[in-house]
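This report examines selected local features of one protein model.

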Amino acid sequence: MKNFIRLFFACLLFPVLTNAQIVNPNDPSRPPFGRQDTVKKTPEQGEGGLKDFYSRKDSVKKFYAKSIRFAEPRQFDLDTIAYSRLDTSITDYQNYSLFYSNNNYYLNVGNLGLASKNMYQQFGSKLGFATGQSALSLYEFKPERVNYYRVYSPYTEVTWVSGFGSESLIDFIHTQNIKPNLNIGFQYSSIGSEGYYPRQRPKHNLFSAWSWYQSRNLKYNILGNVIFNSLKAPENGGLSNDSIFTVPTNKQHEFESIYLNDALTTWNNSSVYLKQSYVIGARDTNAVTQAKVFKSPFSKITNSIQFDQREYKFDYNYVPYNESSLQGDVLTPSQYFSHIYIDSLQARDRVKEKRFRTDLDISLFGRGRNERFNLGGGIAFESVNYNQHALDSVFSNNTQTGFQDSVYLSKSINNALLKGRVGFSLAANIDLDIRGQYVFAGFNSGDVLLDGTATVSLSEKVGKIILKAVIQNSETPTIYNQYSSNFHRWSNSFSKINSNLLSFTYSNSVTRTRLSAQYNLINNYAYFGKVGNEIIPQQSGKLINILRLSADQLFKFGMFRLASHFTYQANNAQEIIPAPDFYTYQSFYYQNKLFKVLDFQIGFDARYYTKFKSMGYAPELGQFYVAEGTREVGNYPIVDVFLTAGLRRTRFLIKYDYWNQGLNKKGYYTVDKYAMPDAQFKFGLSWRFYD
């Protein structure tokens with residue numbers, strides 16, 4: 001069957017690649033740094049401004065993608081609101097998976113929807129209290145990532161991708177302006193699939209709703225969103241057969257022996273976010289370009305309020321191994337877990353968090369023909385209730401005796417933060433922005449974050465240069481310092497983590513080039529490691545140096561395209577931050593247009609990274625860890641073949657993941673004991689409705 005599929009794609013590629021009748025298609029502009037959902041463009045003159053919404057005639061019946069615009073959340077902190085447009089191209093549509101977003105590559109435990117970790121460690125985070133839970137955070141809807149729309153007509157987008165049960169993704173967006181200055185919308189997303197091995201079927205349901213109101217004089221904005229995330233990820237503990245790809249076997253994947261047959265990680269969280277801003281003083285309308293002159297300097301007062309509730313759960317029941325059926329846990333609890341503090345047959349570990357935060361900011365903006373400035377400051381307050389639960393206390397009544405939920409750790413935490421920023425033009429084409437935050441009181445007292453960015457705009461043809469420097473000193477996340485559950489208990493007093501970054505980026509939108517260099521200097525790095533049979537948090541006293549170089553380039557050869565990404569990393573702490581020295585992603589495809597209406601691309605994606613020591617994964621903690629004796633992974637290309645097409649408002653996808661399986665290997669790993677998926681056909685559709 002696999003050879004037939006390879007032959008099918010080879011036959012499909014050959015006549016297209018050798019076709020001499022070339023029709024010039026629309027030239028899709030692939031973002032030089034991976035897949036992005038939007039094309040950043042400010043509105044055209046007379047279009048997209050609020051006045052245009054009031055004056056537009058109701059008799060207009062036909063709408064297009066350009067009628068749909070939205071503002072990213074960061075725009076509401078700037079002096080003007082610049083809109084982004086929908087990306088209607090089919091370029092990079094095959095990379096729908098979150099594992100491949102922005103040319104990153106995520107290590108994962110075998111299926112979309114399960115625990116994952118960025119292959120290249122990212123440093124730094126928001127100041128304030130942190131739990132340290134991140135295994136499923138890639139899939140969550142987050143308040144700070146919700147976009148706010150302005151549409152002439154109701155807009156709906158439906159996306160569906162299926163891998164014949166092994167993988168399934170559904171995404172639905174709807175938004176409309178019920179008044180010219182009032183927009184509402186919602187998004188629903190679902191990930192649910194059977195997986196490729198036992199206990200790999202996640203069930204994620206994500207929902208967000210938003211609204212944005214802007215006054216007619218553009219001085220007052222209020223926006224908000226509500227989010228509900230329910231993520232359920234079964235845990236199988238990995239495969240007991242470490243030679244599944246090297247020793248011949250007739251056993252089907254779904255019957256492979258696993259370590260955990262009844263374990264489940266569940267994340268439930270909900271949030272409410274509200275942001276208001278009011279402009280004091282005269283100002284212009286929404287700027288068409290950032291160079292437009294303000295009538296006079298103006299100030300803005302902004303207040304935001306956010307409330308979050310989160311619960312992280314790990315449920316476990318021991319399933320004894322059955323010799324006749326060859327099913328059940330291949331290890332007893334005492335063999336799989338290094339410690340059992342309460343019950344060896346079951347566990348109900350919980351971490352609960354309630355967080356309230358409010359920010360008050362005052363900003364002053366001004367802009368001339370060749371210069372601009374902004375000055376601002378603010379204060380923030382957050383309050384957190386944090387609890388760790390486990391089954392412990394014995395209860396008894398007339399009918400049963402057993403365990404009940406007990407609180408092992410309870411914290412009430414407050415933090416008060418000061419914020420400041422200053423931005424100005426050093427020259428007509430050089431801008432400097434400096435931001436700072438400092439926790440002056442509370443649990444995280446002494447945490448500090450300084451961020452400076454210099455932007456040098458050379459010209460449209462030459463490109464621009466961005467220089468960035470970051471200094472951060474912050475408290476270690478709570479899970480490293482204190483944790484109590486059925487399987488793990490510790491109490492540490494780790495030092496604050498110090499993270500410093502220097503980066504250089506050159507980008508050119510005309511040549512589709514992006515070059516970057518990033519240097520990280522980290523002290524007191526915290527991580528999980530396996531010492532003997534025990535997985536425990538550790539803090540390194542080593543001064544860690546990481547140099548990361550990246551390059552992105554789009555090459556054009558007639559109707560052929562090659563999108564190339566390269567990353568090189570030099571790391572003096574490979575033993576605690578394992579990562580490949582080199583990673584590359586290459587997307588080679590042919591694009592054309594059939595019958596003057598059907599845009600299509602056909603080609604292949606190849607990913608390759610050099611060999612490095614894999615990490616392990618502890619499902620009861622939801623943490624990846626480093627250990628001696630884990631397998632080496634990498635030094636093996638993964639090739640996907642795809643066909644994407646676009647017809648008016650519809651995009652199509654046919655994809656064959658891991659096309660090269662069996663050519664020189666039967667399979668591969670990215671995390672120890674967790675085999676990656678087999679070759680698989682996938683289909684996808686995306687519909688857009690503008691009215």
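Tyr-336 is partly exposed, with a relative accessible area of 23%; buried means under 20% relative accessible area, exposed over 50% and partly exposed in between, using a 1.4 Å probe and protein chains only. Phe-337, by contrast, is buried at 4%. The model is predicted: local features need pLDDT of at least 70, side-chain atom pairs count only at pLDDT 80 or more, and totals for chains, interfaces and linings use all residues. Residues are numbered from 1 along each chain as its sequence is written, and side-chain values use heavy atoms, with hydrogens and water left out.

Across the whole structure, 46 aromatic pairs are found. Rings of Phe, Tyr and Trp (its six-membered ring) pair if their centres lie within 6.5 Å; planes under 30 degrees apart count as stacked, over 60 as edge-to-face and the rest as tilted. The ring centres of Tyr-336 and Phe-337 are 4.9 Å apart and their planes stand at 85°, so this pair is edge-to-face. Both residues belong to one aromatic cluster, together with Tyr-259, Phe-314, Tyr-316 and Phe-487.

## The Tyr-636 and Tyr-658 pair

The rings of Tyr-636 and Tyr-658 are also edge-to-face, because their planes are at 85°, with centres 6.2 Å apart. Tyr-636 lies in the loop between strands E33 (632-633) and E34 (638-647), and Tyr-658 in the loop between strands E35 (650-657) and E36 (669-671), so the pair ties together parts that are 22 residues apart in sequence. Strands (E, at least two residues) are DSSP runs, numbered from the N terminus.

Both tyrosines are buried. The charged end of Lys-665 sits over the ring of Tyr-636, 4.8 Å from its centre; this term requires NZ of Lys or CZ of Arg within 6 Å of the ring centre and within 35 degrees of the ring normal.

## Thr-584 and Arg-607

Thr-584 lies in strand E28 (residues 582-594) and counts as buried, at 9% relative accessibility. Not counting residues up to four places away in sequence, Thr-584 touches His-565, Phe-566, Ala-606, Arg-607 and Tyr-608 (contact means heavy atoms within 4.5 Å). The charged end of Arg-607 sits over the ring of Tyr-100, 3.6 Å from its centre.

Strands E24 (residues 526-531) and E25 (residues 534-539) run antiparallel and are joined by six bridges; two strands pair if DSSP finds at least two bridges between them. Lys-530 has Ile-535 in E25 as its bridge partner. Two residues separate the strands of this hairpin, and Gly-532 in the turn has a positive phi of about 70°.

Definitions and conventions. Helices (H or I, at least four residues) and strands (E, at least two) are DSSP runs, numbered from the N terminus.
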